[in-house]
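Subject: A structure for you to look through

Dear colleague,

I am handing over the structure below, and I would be glad if you opened it beside this message. My notes on what was found in it follow directly after.

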Amino acid sequence: MILLLTTFVVALGSALLPFINIEIYLGGISGASGVADVAGWGAVGIALVAGAGQTAGKVVWYEVARRGIDTEWARKKLSSNKLQAAHARWTERMEGRPWYAGAVMFLAASVGIPPLLVMAVVAGALKMPMWVFVPTVFVGRAVRFYLIVVGVDLLFH
């Protein structure tokens with residue numbers, strides 16, 4: 001139980017602070033303790049808890065961007081033609097296309113391209129529906145973390 005709680009806290013922290021690396025943490029606990037050996041459920045449990053922590057942290061970034069996009073500071077920052085064009089381009093791609101938006105978020109969450117932190121901010125600024133954002137981030141992160149835990153376990157055990 002302490003391992004799951006610690007994993008959630010580290011995952012949440014790493015979602016908020018990019019210098020905390022959840023992948024190194026997961027590799028370390030898997031390599032040290034053989035988490036994936038518990039009939040497969042150890043790795044699933046760790047991946048789900050880490051995915052939940054990361055998702056909670058990315059929701060914070062999403063909300064900061066969603067609420068901050070209408071501020072005077074944001075309007076000044078978006079006043080340049082280059083940023084306005086980029087905002088318009090992403091809005092056009094994402095708005096009214098939940099499957100496309102979900103696919104981009106899933107790629108960011110599972111593969112890391114584009115970076116999930118950046119995409120969480122973009123999703124919030126574009127006011128992507130939360131019903132698209134949360135499940136795609138959670139599933140993408142859980143899959144990524146499961147593969148890391150199992151992969152490291154296979155290397156060391």
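A residue is called buried when its relative accessible area is under 20%, exposed when that area is over 50%, and partly exposed in between. Please keep in mind throughout that this is a predicted model.

With those cut-offs, is Lys-127 buried, exposed or partly exposed? Lys-127 has a relative accessible area of 41%, and therefore counts as partly exposed. Lys-127 sits in the loop that links H7 to helix H8, the helix of residues 130–156, and this lysine takes a positive phi of about 60° although it is not a glycine. That is worth a second look, because most residues other than glycine have a negative phi.

By class, the contact of H6 with H7 consists of eight nonpolar residues, with no polar and no charged ones.

The loop between H6 and H7 contains Pro-114, and the peptide bond leading from Ile-113 to Pro-114 is cis, with omega near -10°. For comparison, most peptide bonds are trans.

H6 also packs against H8, at an angle of about 30° and with the two axes 8 Å apart, so H6 is roughly parallel to H8. Here the crossing is right-handed. Among the residues that make this contact are Ala-101, Met-105, Phe-106 and Ala-109 of H6, together with Trp-131, Phe-133, Val-137 and Arg-141 of H8. The residues of the contact of H6 with H8 divide into eleven nonpolar, four polar and two charged.

A further neighbour of H6 is H5: these helices cover residues 98–110 and 81–94 respectively, and they pack at an angle of about 115° with their axes 7 Å apart, which means that H5 is roughly perpendicular to H6. In this contact Trp-90, Arg-93 and Met-94 of H5 meet Tyr-100, Ala-101 and Val-104 of H6, and by class there are five nonpolar residues, no polar residues and one charged residue.

Why does Glu-63 count as buried? Its relative accessibility is 17%, and buried means under 20%, so Glu-63 counts as buried. The side chains of Glu-63 and Arg-66 are joined by a polar contact of 2.8 Å.

Notes: Residues are numbered from 1 along each chain as its sequence is written. This is a predicted model: local features need pLDDT of at least 70, side-chain atom pairs count only at pLDDT 80 or more; totals for chains, interfaces and linings use all residues. Side-chain values use heavy atoms; hydrogens and water are left out. Axes are lines fitted to C-alpha atoms, for helices over the stretch in contact, and angles run from 0 to 180 degrees between N-to-C directions. Helices (H or I, at least four residues) and strands (E, at least two) are DSSP runs, numbered from the N terminus. Angles under 35 degrees count as roughly parallel, over 145 as roughly antiparallel, 65 to 115 as roughly perpendicular and the rest as oblique. Contact means heavy atoms within 4.5 Å. Ala, Val, Leu, Ile, Met, Phe, Trp, Tyr, Cys and Pro count as nonpolar, Asp, Glu, Lys and Arg as charged, and the others, Gly among them, as polar. Buried means under 20% relative accessible area, exposed over 50%, partly exposed in between (1.4 Å probe, protein chains only). A polar contact is a pair of N or O atoms within 3.5 Å; within protein, one must be able to donate a hydrogen and the other to accept it, and residues adjacent in sequence count only if both atoms are side-chain atoms. A crossing is left-handed if the near helix is turned anticlockwise from the far one by less than a right angle, and right-handed if clockwise.
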